[in-house]
Amino acid sequence: MKTIAKIIENYPFARRENLIPILQDIQDEYGYLTEDAIKELGKFLDVPTSKIYSLATFYSKFRFHPAGTYHLKLCRGISCHLKGSTNILNAIEQKLGIQDGESTPDGLFSLEVVACMGACAFGPVLKINEYYYTEMDEDRLDEIIEYYKEYEE
């Protein structure tokens, strides 16, 4: 794993304008934005950490906690919403006891609600890590969650 310093070295003439790409690189490497990374980046760019947090919290792409082993992304675009993604979201929250941006205490699952996945004809869409599940319903969600739990046992 690259150190924060190594990531920042890719931006030798970095200024505030490079903040988002640097944060993306850090998150790509570590899976989330660590407090240490934000402090180190602030020193490098001579930007207060409060400004970095302000920017990073504005964009839903950035996470401040590690994602679960199985990271669920639920589409809440209009098409998925009309096809029942609210029911899927409620079922995930109830079944796993987490809400958007949270992880289960065991670190197995995390949840992220996204605006659109671009698969509107196949909604509701749920992505777990790199695998897409289309035309989701609550029964299928239960089967999928149980599959991942059993896989880990």
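Predicted model: local features only at pLDDT ≥ 70, side-chain atom pairs only at ≥ 80, totals over all residues.

Me: Which residue in E4 is the bridge partner of lysine 127?
Reply: Tyrosine 132 is the partner of lysine 127.

Me: And the whole sheet, what's the strand order?
Reply: The order is E2-E1-E3-E4, in an open sheet of four strands with mixed pairing. Strand E2 (109-114) and strand E4 (131-133) are the edge strands, each pairing on one side only. From one strand to the next, the twist averages 20°.

Me: Which strands does helix H6 lie across?
Reply: Helix H6 (residues 85-96) lies across strand E1 (70-75), E2 and E3, and its angle to E1 is about 155°.

Me: What about H7, which strands does that helix lie across?
Reply: Helix H7 (residues 138-152) lies across E1, E2, E3 and E4, running at about 165° to E1.

Me: Which salt bridges does lysine 95 form?
Reply: One is with aspartate 142, where the closest N and O atoms are 3.8 Å apart. Lysine 95 is in helix H6 and aspartate 142 in helix H7, so this pair ties together parts 47 residues apart in sequence. Another is with glutamate 146, with the closest N and O atoms 3.3 Å apart. That pair also links distant parts of the chain, as lysine 95 in helix H6 and glutamate 146 in helix H7 are 51 residues apart. Taken together, Lys95, Asp142 and Glu146 are linked in a network of salt bridges.

Me: How accessible are those three?
Reply: Lysine 95 counts as partly exposed at 29% relative accessibility. Aspartate 142 is partly exposed too, with a relative accessible area of 33%, and glutamate 146 is partly exposed at 31%.

Me: How many salt bridges does the count come to?
Reply: Six. Among them is the one between the side chains of glutamate 9 and lysine 6, at 3.8 Å from N to O. Those two residues are three apart in helix H1, so about one helical turn separates them. Lysine 6 is partly exposed, with a relative accessible area of 46%.

Me: Switching to H3. Which of its residues are buried?
Reply: In helix H3 (residues 35-45), the buried ones are Ala37, Ile38, Leu41, Gly42 and Leu45. Seen down the axis of H3, they fall within an arc of 135°, so they line one face of the helix.

Me: What do they pack against?
Reply: Helix H1 (4-9), helix H2 (19-30) and helix H4 (49-58). The face of H3 turned away from the buried side carries the exposed residues Asp36 and Lys43.

Methods:
Residues numbered from 1 in each chain as written. Heavy atoms only, no water. Buried < 20%, exposed > 50% of the residue type's maximum accessible area, 1.4 Å probe, protein only. Arc of directions from axis to C-beta. Contact = heavy atoms within 4.5 Å. Pairing = 2+ DSSP bridges. Axes fitted to C-alpha atoms, helices over the stretch in contact; angles between N-to-C directions. Salt bridge = Lys/Arg side-chain N within 4 Å of Asp/Glu carboxyl O.
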